[in-house]
Amino acid sequence: MKQSDAIRRLNEYDRKGRYVFTAGDMGRVFHEDTPRGRQATLARLVASGILERPAKGVYLYGMSKNKGPDTVELIARALRRGEYSYISLESALSEYGIISQIPINRISLMTTGRKGEYSTPYGVIEFTHTKRRPAQILSGVQDRNRPLKIATVQTALRDLKRVGRNTHLVDEDALNEYR
């Protein structure tokens with residue numbers, strides 16, 4: 001595929017707010033029939049800086065007008081597509097003001113998928129596995145109009161204790177405001 005055609009197609013998706021893709025998505029975006037053709041196109045676009053590869057199997061349109069603070073969440077969602085993932089642990093508790101430290105350039109997620117840590121140009125993504133069923137997960141999260149749902153204070157605190165994380169940073173006075 002010609003570079004100008006690829007940019008045109010990526011711009012179409014970008015206008016709709018979509019700029020993070022899996023490798024499988026890219027075959028549909030570029031209408032590449034063969035894996036070899038798709039890989040060649042992806043390699044050329046990454047080399048030219050049109051596409052970024054923030055994590056294995058995830059591509060980001062480098063010239064997107066939509067890049068912002070939610071980019072790392074979109075990358076995380078692409079990494080665990082088909083699984084339930086939500087912001088929890090220190091990331092959620094920091095947003096609620098329950099712990100004093102603010103995780104810089106890092107996001108902690110619970111997922112029904114496999115655990116793992118990914119270092120991307122947009123921040124470190126940490127997945128911690130949960131065996132909870134989807135109905136249990138959905139009852140303990142909130143939709144805050146962003147790519148990933150966020151755990152409630154009670155769910156984030158329970159997750160923190162359940163996975164054996166350090167709880168000494170929890171501000172009991174701030175926590176009492178949520179009880």
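This is a predicted model: local features need pLDDT of at least 70, side-chain atom pairs count only at pLDDT 80 or more; totals for chains, interfaces and linings use all residues.
The domain assignment, automatic or from a database, places domain 1 at 3–61 and domain 2 at 70–177. Residues are numbered from 1 along each chain as its sequence is written, and side-chain values use heavy atoms, without hydrogens and water. Local features need pLDDT of at least 70 and side-chain atom pairs 80 or more, while totals for chains, interfaces and linings use all residues.

**Where the domains meet**
- Domain 1 and domain 2 bury about 820 Å² between them, counted as accessible area (1.4 Å probe) lost on being put together and summed over both.
- Carbon and sulfur atoms hold 65% of that area.
- Tyr19, Val20 and Pro54 supply 46% of what domain 1 buries against domain 2, more than any other three residues.
- The count between the domains is one salt bridge, meaning a side-chain nitrogen of Lys or Arg within 4 Å of a carboxyl oxygen of Asp or Glu.

**The sheet**
- Three strands (DSSP runs of E, at least two residues, numbered from the N terminus) form an open antiparallel sheet in the order E1-E3-E2; strands pair if DSSP finds at least two bridges between them.
- Strand E1 (20–22) and strand E2 (51–55) are at the edges with a single partner strand each, so one side of each has no neighbour in the sheet.
- Three bridges join E1 to E3 (residues 58–61), and Thr22 stands opposite Val58 in E3.

Note on methods:
Helices (H or I, at least four residues) and strands (E, at least two) are DSSP runs, numbered from the N terminus. Buried area is the accessible area (1.4 Å probe) that two parts lose on being put together, summed over both.
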